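Let's take a quick walk through a protein model together. Have a look at the picture first, then read on.

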Amino acid sequence: MPQLSELTAAVAAGKRTDTVRLTQELLAAGSAPQDIVEKGLVPGMAIVGEQFKKNEIFVPEMLVAARAMKEALKLLEPLLASAGIKPKYTAIIGTVQGDLHDIGKNLISMMWRGANFAVIDLGTNVSADKYLAAAKEHNANLVGLSALLTTTMPAMKDTVRILKAAGLSTKIMVGGAPITQAFADEIGADGYAADAGTAVDIAKKLVGQAA
Ligand code: B1M
């Protein structure tokens, strides 16, 4: 039977075929699907996040690793669902109104999934009302707003204001190329991350999960 650490290494290296094969072998040998996710796949994506933060790898390597994890999750998700096992935390993510850039947002979404968050991706050009409706519908622990244009920073500010005014317990995290910690503080967001690796650490912190 393979070790979970072999699976972790395969994901971190973005080896899709090995990741799927090892997942199948672990399942066949009786490993619990939840252990495969939490002790095999998630630590692999954590390694990727750390390497990305340190500029040891770049967007393409990260995408390859995320795709390897996604393939393995396709095998595991039906088993987890039938056992009634769901991720503990739910996050909503989207790019703010007026903004169509989605590459960074998609990366954050993948990394959050890699950290075992349930992620509802609202896409791009998302109005404040849509974020609010989704946060209520899914009882979200976290809402993530991405903006790439200086001209859509006001939409981010409005969205934070509207979400805060609704009095939800949901935490709000912001990011994107023109966004800074100072801007996040100014608009009252609960967290800011400059990159996808840090976005996982901050998300865990905001929902109260030890990083
Ligand atoms: Co656009 N664009 N673009 N564009 N585009 C920029 C952003 C720009 C800086 C280019 C430039 O002029 N040098 C400029 C903005 C200038 C400004 O606002 N000051 C610009 C412009 C002007 C425009 C248009 C207005 C151009 C036009 O039509 N005249 C137009 C706007 C359309 C619209 O949105 N309404 C436009 C359109 C496009 C394309 C459609 C062609 C395409 C987008 C394709 C897509 O996303 N599907 C595009 C692209 C690709 C870019 C650049 C080249 C690359 C953006 C990108 O994907 N980066 C960009 C220039 C640049 O950044 N070098 C540019 C890679 C990605 C991984 O990084 O998104 O920053 P990024 O995400 C990072 C972090 O920011 C962070 O983590 C990610 C990973 O580390 N992060 C978060 C992101 N979201 C986060 C959320 C978090 C936390 C962290 O928490 C929730």
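**A helix and what surrounds it**

The buried residues of α7 are covered by, among others, α6 (128–137), β3 (142–146), β4 (171–175) and α8 (181–187). Here "buried" means under 20% relative accessible area, "exposed" means over 50%, and "partly exposed" is what falls in between (1.4 Å probe, protein chains only). Helices (H or I, at least four residues) and strands (E, at least two) are DSSP runs, numbered from the N terminus.

Bear in mind that this is a predicted model: local features need pLDDT of at least 70, side-chain atom pairs count only at pLDDT 80 or more, and totals for chains, interfaces and linings use all residues. Residues are numbered from 1 along each chain as its sequence is written, and side-chain values use heavy atoms, with hydrogens and water left out.

**Helix α7**

- Helix α7 has 13 residues (residues 153–165), and at 1.5 Å a residue they should span 18 Å; the end C-alpha atoms are 18 Å apart, which agrees. The expected span is 1.5 Å times one less than the number of residues.
- Which residues of α7 are buried? They are Met153, Ala155, Met156, Thr159, Val160 and Leu163.
- These residues cover an arc of only 155 degrees around the axis, so they sit on the same side of α7. The arc is taken from the directions from the helix axis to the C-beta atoms.
- Just after α7 comes Gly167, with a positive phi of about 70 degrees.

**Thr19, tucked away**

- Thr19 is part of helix α2 (residues 16–28), and with a relative accessible area of 0% it is buried.
- Setting aside neighbours within four places in sequence, Thr19 is in contact (heavy atoms within 4.5 Å) with Leu7, Ala10, Val11, Leu41, Ala68 and Ala72.

**The cobalt atom**

- The ligand's cobalt atom has a single donor from the protein: His101 (NE2), 2.2 Å away. Donors are N, O and S atoms within 2.8 Å of the metal (3.2 Å for Na, K and Ca); water is not among the atoms, so sites may look incomplete.
- You can find His101 in the loop between β1 (89–95) and α5 (103–114).

**Two asparagines with positive phi**

- Most residues other than glycine have a negative phi.
- Asn55, however, has a positive phi near 60 degrees; this residue lies in the loop between α3 (33–53) and α4 (59–82) and is exposed at 54% relative accessibility.
- Asn139 has a positive phi too, about 50 degrees; Asn139 lies in the loop between α6 and β3 and is exposed at 62%.
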